[in-house]
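Hello,

Here is the structure I promised to pass on to you. My notes on it follow below, so please have a look and tell me how they read to you.

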Amino acid sequence: MSAVKRLLPLLDRVLIQRAEALTKTKGGIVIPEKAQSKVLEGTIVAVGPGARNTQTGEHVPLAVKVGEKVLLPEYGGTKVELGDNKEYHLFREADILAKIE
């Protein structure tokens, strides 16, 4: 069982894998690490059940689903490293800027 399958975010948190930074141009020029721009999009890997409604106690479903591509803020989120040597980030649903169709 993969490490991502075992991690279930709580409440309205979403686990996201950021897209890889571009390291080489189409012409074959290698871009140094310091010159690479921060990648602001990612793919949702896992979602929590949703925040609780304070009146009824029911979960409010999230507007995003596993597999969707989203636009992320430049800063924020909690970095998580799992057993598969990949880097993931935990964001609250409210921190996600937009879905990418």
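**Strands, sheet and surface**

Strand 2 (residues 41–47) and strand 5 run antiparallel and are joined by three bridges. Strands here are DSSP runs of E with at least two residues, helices are runs of H or I with at least four residues, and both are numbered from the N terminus. Two strands count as paired if DSSP finds at least two bridges between them. One of the residues involved is G42, whose bridge partner in strand 5 is V70.

Before going on, a word on the model: it is predicted, so local features need pLDDT of at least 70 and side-chain atom pairs count only at pLDDT 80 or more, while totals for chains, interfaces and linings use all residues. Residues are numbered from 1 along each chain as its sequence is written, and side-chain values use heavy atoms, with hydrogens and water left out.

Now the overall layout. The protein has one helix and eight strands, and along the sequence they follow the pattern α-β-β-β-β-β-β-β-β. Six strands form an open sheet in the order 6-7-1-2-5-8, with antiparallel pairing. Strand 6 (78–81) and strand 8 (98–100) stand at the edges with a single partner strand each, so one side of each has no neighbour in the sheet. On average, neighbouring strands of this sheet are turned by 45° against each other, direction ignored; the axes behind such angles are lines fitted to C-alpha atoms, for helices over the stretch in contact, and angles run from 0 to 180 degrees between N-to-C directions.

Four bridges join strand 7 to strand 1, and four bridges join strand 6 to strand 7; both pairs run antiparallel. H89 takes part on either count: I16 stands opposite H89, and K79 has H89 as its bridge partner. H89 is buried, with a relative accessible area of 9%. (Buried means under 20% relative accessible area, exposed over 50%, and partly exposed in between, with a 1.4 Å probe and protein chains only.) Leaving aside residues up to four places away in sequence, H89 touches V14, L15, I16, R18, T78 and K79, where contact means heavy atoms within 4.5 Å. In the hairpin of strand 6 and strand 7, with five residues between the strands, N85 takes a positive phi near 60°.

Q17 lies in strand 1 (residues 13–18) and is partly exposed, at a relative accessible area of 25%. Q17 and Y88 are 71 residues apart in sequence, yet 4.7 Å apart in space, C-alpha to C-alpha. Among the residues that Q17 touches are G42, V45 and Y88.

On the surface, L40, L71, L97 and I100 form a nonpolar patch with about 310 Å² of accessible area together. L71 belongs to strand 5 (residues 69–71) and is partly exposed, with a relative accessible area of 33%.

Lastly, some totals. Buried residues make up 26% of the 101 residues. Of the contacts with a separation of 6 or more, 63% are between residues 24 or more positions apart.

Best wishes

Technical notes: Patch = residues over 30% accessible without salt bridge, like charges linked within 9 Å, V, L, I, M, F, W, Y side chains within 5 Å. Areas by Shrake-Rupley, 256 points an atom, 1.4 Å probe, with all protein chains shown as cover. Salt bridge = Lys/Arg side-chain N within 4 Å of Asp/Glu carboxyl O.
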